[in-house]
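Reader: I have not seen this structure before. Please show it, and then let me ask how each description was reached.

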Amino acid sequence: MTTAVAQTTPRQVLADLLPASRVRDIALVAGGAALTGLAAQLAVPVPGSPVPVTGQTFAALLVGTALGAGRGLASLALYALLGLAGLPWFAEGSSGATASFGYILGMLLAATAVGALARRGADRSVVRMAGAMLLGEAIIYAIGVPYLAVVADMTTAQAVAAGLTPFLIGDALKAALAMGVLPAVWKLVRRES
């Protein structure tokens with residue numbers, strides 16, 4: 001009895017371990033968008049902020065890392081476009097260009113960046129994964145906070161207080177989870193190969 005085992009190379013992301021096909025890529029992109037939409041429903045309102053704490057950023061970074069830059073970008077673009085078209089799967093079942101839409105735009109770029117880093121092996125060690133997650137979070141905030149300031153008519157200090165500071169501890173926990181999970185999956189894959 002023989003078993004087919006996936007061979008891994010530094011240029012692969014986790015999604016590349018599945019048999020290649022256009023159907024696979026479409027399913028991965030749609031699945032990544034759906035995962036992000038579901039994670040956005042795990043929302044906790046933050047007093048004084050129009051932006052809730054959600055699982056959305058974790059899902060977006062996980063999607064980018066697992067799918068790679070191209071499929072990660074496509075997945076988050078699909079998520080954003082369907083939400084803009086009225087599908088109620090942004091945070092707390094909202095849709096359209098909400099005050100927190102800037103974070104979604106940031107997630108598009110963040111998923112692309114962490115996907116590109118994963119393609120270079122950043123998802124295979126805790127230390128490199130930490131760097132990728134920090135970069136991804138920084139990109140999300142670099143777009144989300146100024147967008148919030150403009151849309152909600154806030155000063156920069158108010159936008160930082162309402163759209164960044166309350167989320168730092170939760171995002172650190174989400175990043176720590178990703179830093180543990182993804183390298184562990186690669187170790188499991190290597191062990192089986």
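Reader: Why is Asp153 called exposed?

Author: Exposed means over 50% relative accessible area, buried under 20%, and partly exposed in between, with a 1.4 Å probe and protein chains only. Asp153 has a relative accessible area of 70%, so the residue counts as exposed. Asp153 lies in the loop between H5 and helix H6 (156–163). Its phi is near 55°, a positive value in a residue other than glycine.

Reader: What kind of model is this, and how are residues numbered?

Author: The model is predicted: local features need pLDDT of at least 70, side-chain atom pairs count only at pLDDT 80 or more, and totals for chains, interfaces and linings use all residues. Residues are numbered from 1 along each chain as its sequence is written, and side-chain values use heavy atoms, with hydrogens and water left out.

Reader: What makes Glu92 partly exposed?

Author: The relative accessible area of Glu92 is 49%, so the residue falls in the partly exposed class. Glu92 sits in the loop between H3 and H4. Glu92 is not a glycine, yet it has a positive phi of about 60°.

Reader: How do you know how many helices and strands the protein chain has?

Author: Helices (H or I, at least four residues) and strands (E, at least two) are DSSP runs, numbered from the N terminus. By that count the protein chain has 7 helices and 2 strands. Their order from the N terminus is α-β-β-α-α-α-α-α-α.

Reader: Why is the protein chain called as compact as a globular protein of that length?

Author: The globule rule is 2.2 Å times the number of residues to the power 0.38, and the radius of gyration is taken over C-alpha atoms. For 193 residues the rule gives 16 Å; the protein chain has 17 Å, which is close, so it is as compact as a globular protein of that length.

Reader: What makes a set of residues a nonpolar core?

Author: The set must consist of buried Ala, Val, Leu, Ile, Met, Phe, Trp, Tyr and Cys residues joined through side-chain atoms within 4.5 Å. The largest such core here has 47 residues, and Leu76, Tyr79 and Met107 are among those with the most contacts inside it. Elements giving two or more residues to this core include helix H4 (101–119) and helix H5 (126–151).

Reader: Which residues does Met107 touch, beyond those up to four places away in sequence?

Author: A contact means heavy atoms within 4.5 Å. Met107 touches Gln56, Thr57, Ala60, Leu76 and Ile140.
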